[in-house]
Amino acid sequence: MAEKNVVSTGSTGEARPANGFDYAPAPESRSIVDIKASYGLFVNGEFVDGGGKAFKTINPATEEVLAEVAEADAADVDAAVKAARRAYDRVWSKLSGRERAKYLYRIARIIQERSRELAVLESIDNGKPIKESRDVDVPIVAAHFFYYAGWADKLEYSGYGGGNPQPLGVAGQVIPWNFPLLMLAWKIAPALACGNTVVLKPAETTPLTALLFAEICQQADLPAGVVNIITGAGETGRALVSHPDVDKVAFTGSTEVGKAIARAVAGTNKKLTLELGGKAANIVFDDAPIDQAVEGIVDGIFFNQGHVCCAGSRLLVQESIAEELLGRLKRRMSTLRVGDPLDKNTDIGAINSAEQLERIRELSAVGDAEGAERWSPPCELPQHGFWFPPTIFTGVSQAHRIAREEIFGPVLSVLTFRTPAEAVEKANNTPYGLSAGVWTDKGSRILKIANELRAGVVWANTFNKFDPTSPFGGYKESGHGREGGRHGLEGYLR
């Protein structure tokens with residue numbers, strides 16, 4: 001194989017040479033997915049027409065229209081909440097934990113059986129590489145349902161509710177577009193395990209896997225009304241979280257919207273969980289295993305095109321190794337393949353929407369204007385769809401907007417430090433507090449630094465690793481409450 005230096009898959013979908021190797025295209029077949037021309041709302045166990053307008057969901061890699069989706073209006077939201085209330089009062093709250101667990105186990109097994117279908121649909125609708133949706137997202141989705149199925153008949157041992165925990169009632173849940181199916185699992189699995197019923201609104205740009213999950217609920221014979229899926233944009237979400245018969249609100253998304261939701265539920269009896277934005281510091285000390293750290297940096301910021309709330313978007317590297325680490329990082333970035341999300345060789349897929357691409361471009365231009373130095377590997381981007389190359393900015397100070405604001409794209413800001421105290425001070429100098437990473441050979445340093453970081457999750461010599469048994473959540477403007485693990489039960493119990 002001839003040595004080449006070009007990165008990406010081009011606009012034709014043909015794989016381009018990278019890192020000295022020619023990669024033949026390895027596309028996953030779309031034929032396993034049957035995308036309907038139009039979708040209604042899933043209310044009371046059935047698909048129904050919505051009272052609002054229809055909107056289009058598109059493939060961000062090609063800009064083709066995938067389907068028309070119903071937009072739920074206030075009357076639709078009310079119907080879904082009433083269906084959830086009936087199911088809670090008449091069926092779900094009366095079942096034993098053991099009986100609820102059977103449904104959760106059944107859903108988990110069906111997700112595994114239909115994993116390829118779910119992964120392909122997620123990549124088509126979202127733009128993420130198929131190897132991420134196939135190998136990361138969908139397996140963790142199934143694992144969450146298996147895990148919380150195990151809790152359903154053991155809630156008295158959870159430590160919540162004084163030994164006799166009770167469900168809240170109806171949960172209104174709003175999820176983002178970056179991990180549509182995974183965020184659904186994070187929300188629905190613990191809610192059902194605890195005996196609540198659900199009305200969930202997926203993001204307007206990525207509704208299709210949630211609607212396929214509705215079919216899975218039917219396949220699992222889940223009682224009607226236990227899970228309801230309503231699609232729409234901001235108005236639909238506002239109607240849901242402000243509905244007077246919703247007992248619990250769970251939201252994952254932007255800090256701005258999270259603050260608005262907090263204001264909307266203030267003064268009510270609704271329980272609230274918020275998982276919001278982040279600007280995580282990935283701290284690399286001079287004794288860190290550099291090659292391992294480089295892989296962690298790449299996973300931290302370029303996984304899912306940087307569309308990750310806990311992305312390691314601020315790299316803090318000790319001055320003495322900064323030059324060497326950046327050299328190795330640039331070489332590694334030059335091997336990343338950008339292009340067709342359904343190609344199994346693709347490392348970086350499409351940006352989810354034109355609006356998000358514009359924000360990434362806008363903040364990157366601000367980085368240029370503020371004097372930071374931009375670098376991207378040679379990268380041929382497809383002609384159609386929404387694309388942005390993997391990018392790093394060096395010469396960044398704490399005052400730069402790209403070091404303070406969440407870009408939510410494949411853009412890394414690089415800062416340096418000399419001492420551990422300086423690293424902690426810079427890492428904590430943010431209104432966010434969702435996650436952080438520490439890279440060092442010293443276990444004692446890991447423990448000390450992790451204890452000083454104001455972040456809900458701190459990874460040690462790794463990054464972006466998730467497990468259903470581990471709690472996840474943030475401090476400060478990154479939200480409150482925890483999802484995952486035993487702690488994830490608390491938000492759904494009285």
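Asp245 is found in the loop that runs between helix 7 (234–241) and strand 9 (248–252). The structure is a predicted model.

**Asp245**
- With a relative accessible area of 29%, Asp245 is partly exposed, because that class lies between the limits of 20% for buried and 50% for exposed.
- When neighbours within four places in sequence are left aside, Asp245 is in contact with Val81, Arg85 and Val170.
- Gly278 stands 33 residues from Asp245 in sequence, and their C-alpha atoms are 31 Å apart in space.

**The largest pocket**
- The largest pocket holds about 1100 Å³ of space.
- Its lining comprises 36 residues, and those nearest the centre of the pocket are Trp177, Phe251, Gly253, Ser254 and Val257.
- At least two lining residues come from each of helix 7, strand 9, helix 8 (255–265) and helix 11 (354–369).
- Helix 8 makes the greatest contribution to this lining, with six residues.
- By residue class, the lining of the largest pocket consists of 16 nonpolar, 12 polar and eight charged residues.

**Aromatic pairs**
- The model contains 13 aromatic pairs.
- Phe179 and Phe303 form a stacked pair, because their ring centres are 6.1 Å apart and their planes meet at 25°, an angle under the 30 degrees that counts as stacked.
- Phe179 belongs to the loop between strand 6 (170–174) and helix 5 (180–193), and Phe303 to the loop between helix 9 (290–302) and strand 12 (314–318), so their pair ties together parts 124 residues apart in sequence.
- Phe179 is buried at 7% relative accessibility, and Phe303 is buried with a relative accessible area of 13%.
- The pair of Trp459 and Phe463 is tilted, because the ring centres lie 4.7 Å apart with the planes at 45°.
- Trp459 is buried, with a relative accessible area of 7%, and Phe463 is buried, with a value of 2%.
- Trp459 and Phe463 also belong to a cluster linked by ring pairs, together with Trp186, Phe466 and Phe472.

**Charges over rings**
- Lys248 is placed over the face of Tyr492, at 4.8 Å from the ring centre.
- Arg445 has its charged end over the ring of Phe285, 4.5 Å from the centre of that ring.

Definitions and conventions: Residues numbered from 1 in each chain as written. Predicted model: local features only at pLDDT ≥ 70, side-chain atom pairs only at ≥ 80, totals over all residues. Heavy atoms only, no water. Helix = DSSP H or I, 4+ residues; strand = E, 2+ residues; numbered from the N terminus. Buried < 20%, exposed > 50% of the residue type's maximum accessible area, 1.4 Å probe, protein only. Contact = heavy atoms within 4.5 Å. 1 Å grid on protein atoms, 1.4 Å probe; cavity = no way out; pocket = protein on both sides within 12 Å on 5 of 7 lines; lining within 4 Å. Points joined across faces, edges and corners; volume = space filled by probe spheres on them. Nonpolar A, V, L, I, M, F, W, Y, C, P; charged D, E, K, R; others polar. Phe/Tyr/Trp six-rings, centres within 6.5 Å; stacked < 30°, edge-to-face > 60°. Lys NZ or Arg CZ within 6 Å of the ring centre and 35° of its normal.
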